[in-house]
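Hi everyone, thanks for making time this morning. I'd like to walk you through one protein chain, step by step, so please have a look at the picture with me.

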Amino acid sequence: SADGGRNLSLDIPMGLPMSDPTAWATAMNNLGMAPLGMTGQPLLPDFDPALGMMTGIPPINPMMPGLGIVPPPIPPDMPAVKEIIHCKSCTLFPPNPHLPPPATRERPPGCKTVFVGGLPENSSEQIIMEVFEQCGEVIAIRKSKKNFCHIRFAEEFMVDKALYLSGYRIRLGSSTDKKDTGRLHVDFAQARDDLYEWECKQRMLAREERHRRRLEEERFRPPSPPPVVHYSDHECSIVAEKLKDDTKFLEAIQTLLTWIERGEVNRRTANNFYSMIQSANSHIRRLVNEKAAHEKEMEEAKEKFKLALSGILVQFEQIVAVYHSASKQKAWDHFTKAQRKNISVWCKQAEEIRNIHNDELMGIRREEEMEMSDEEIEDPSEMKETEELALVSQVEALKEENDSLRWQLDAYRNEVELLKQEQGKASRDEDTTKEQQMKLLQQALQGMQKHLLKIQDEYKKREAELEKVREDKLKMKTLLENLKEQESSASRVCVCSQEKDCPVEKTLSNSPVKSEREVLLVGIISTFLHVHPFGASIEYICSYLQRLDSKICTAEVEVLMTRLQNTFRQELSGVGASLEKRWKFCGFDGLKMT
């Protein structure tokens, strides 16, 4: 760490002039930096950092902020011309320009400390300060007894200036003693303070970035919806009025949904909620009518678009006809070359646009024809299946309705019983109102019972239709089976007649080769074994045949070859564990024998 050298003696006067300020200025100019003197003032007032040196090295801004940013390296094909630097107590001689640049380690993040090696044995901290303070403000120097030291600068860009001195030979005064000379090696050093400061900067930047992102997210976040009011009789009446209004229906239905999900429905508020649900149900017909109106508007817009497109196509056809008539020789000869070129280009463009619009119109007509054909032409079997599925779904829906109505009836009966029990306990003043409620409930029960009877009748009708459909299906299956039996009997009669007409085929069936497929297999195997005169195993032959047909099995091939003893012969080859059965082609020998 470089903190150990903070309290070292750094009492060198800053106003001392350099012995040769032009040499230091020339060196800094070669690096592309604005040359600074001992006091921090620019040595060359007319220096332009945008121009840099004459050899084309990109300029380096000496006030570059340090966050691990390394200045652009000097190109190897344009070496900087380093010159002699004269200081008060020492002289720096440049390295050989033909030698490669000195090697450096990887730059640590936030590096402000450099390692300086190769110092003369008689060097002191004052001499080191005199050499390196011209690169920038030195915070601390920590010198070792083994001719090296660590220097910590105030900013990161000063480290890049100090690295410029790497490779210089230093001589103290005019002495030629070995203890007064050395070769400087300047490299990046890793210090805990530098890393800590760099991490602090990174954390600060990360905090700023998080804060900025949070502000952006809050700015683009959509506003939260207004809170839903709690249930009360007054609010319930307001929501019921809103449900009847088409313009306020959406807001009211959201409030109703929230109340139901919150669990506001109980025995006291059930009637109010039922009336609100009933009014919400009345909007279904309005929504269906609106959808139908929008669909009608869409169809009308399609028709208008189609008519407009056909009119545009007619105009395009007329324009193309004009171009074609102008391209005929009778009128074409009177135009100039430029006019002919323009007319041909216009004609091509018009034809391309016309073809695009024509394809679009044809596509619209094709879609309409496909829709019409899908509606008109349907398979009767598919129609029956769809009808059966529709009947099944209707029966299931009726069952569900029946169950729901039964549950409602049970609920109404329970309510009637509760009302009867309460009627005996209540006072005489409330008798009239309860009797009215009882009458209403009885009327509702009678209506529900009638509805149940209707649903049961419909259910029976649907079941009868289902049985009819199943009977029709069975009849169709029996007809299909009869047709298949007739076809099979007809095919048998044809086979018998063919056997009578072709007695020669029976004689062929007695041969060892029973089908055309086996004849093809014999030919392919013969060709394969003829190419392999020393024979081949049955697995090798089958692997070749399975490339042609993957359904061929080894047993089938072996049975076929054993049947043809005059064509194929099996021999044993090898000794002991390497004993192997090989098949050989002996068709030529068999031909001589037969």
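Predicted model: local features only at pLDDT ≥ 70, side-chain atom pairs only at ≥ 80, totals over all residues.

The chain has 594 residues, and 27% of them count as buried. Its secondary structure comes to 17 helices and 10 strands. If we take the contacts with a separation of 6 or more, 65% of them are between residues 24 or more positions apart. The accessible surface is about 41600 Å², and carbon and sulfur atoms account for 56% of that.

There is also a note from a database. In an unreviewed UniProt entry, the annotation "coiled-coil region" covers residues 277–304 and 395–489. In the model, residues 277–304 are 96% helix and 0% strand, with end C-alpha atoms 41 Å apart.

Now let's go to helix α5, residues 233–244. How far apart should the ends of this helix be? Counting 1.5 Å a residue, its 12 residues should span 16 Å, and the end C-alpha atoms are 17 Å apart, which agrees.

Which residues of α5 are buried? They are C236, V239, A240 and L243. Looking down the axis of α5, you would find these buried residues within an arc of 105°, so they line one face of the helix.

On to the charged residues, beginning with a lysine. K161 sits in helix α3, residues 157–163. Is K161 buried or exposed? Its relative accessible area is 2%, and under 20% counts as buried, so K161 is buried. G136 is 25 residues away from K161 in sequence, yet their C-alpha atoms are 8.1 Å apart in space.

Next come the pairs. In general, side chains of opposite charge can pair when their charged atoms come close. How many salt bridges are there in this model? The count comes to 22.

One of them joins K112 and E197, with the closest N and O atoms 2.8 Å apart. This pair links distant parts of the chain, 85 residues apart: K112 is in the loop between β2 (90–93) and β3 (113–117), while E197 is in helix α4, residues 192–220. K112 counts as buried at 9% relative accessibility, whereas E197 is partly exposed at 29%.

E216 and R219 meet at 2.9 Å, N to O. They are 3 residues apart in the helix, so about one helical turn separates them. E216 is partly exposed at 30% relative accessibility, and R219 is exposed at 56%.

My last pair is R517 and E556, whose closest N and O atoms are 2.6 Å apart. Here too, distant parts of the chain are linked: R517 belongs to helix α14 (residues 516–531) and E556 to helix α16 (residues 554–563), 39 residues apart. R517 is partly exposed, at 35% relative accessibility, and E556 is partly exposed as well, at 28%. Finally, salt bridges that share partners join K112, R152, D194 and E197 into one network.

Conventions:
Residues numbered from 1 in each chain as written. Heavy atoms only, no water. Helix = DSSP H or I, 4+ residues; strand = E, 2+ residues; numbered from the N terminus. Expected span 1.5 Å × (residues − 1). Buried < 20%, exposed > 50% of the residue type's maximum accessible area, 1.4 Å probe, protein only. Arc of directions from axis to C-beta. UniProt positions renumbered as here; feature names shortened; annotations may be inferred. Contact = heavy atoms within 4.5 Å. Areas by Shrake-Rupley, 256 points an atom, 1.4 Å probe, with all protein chains shown as cover. Salt bridge = Lys/Arg side-chain N within 4 Å of Asp/Glu carboxyl O.
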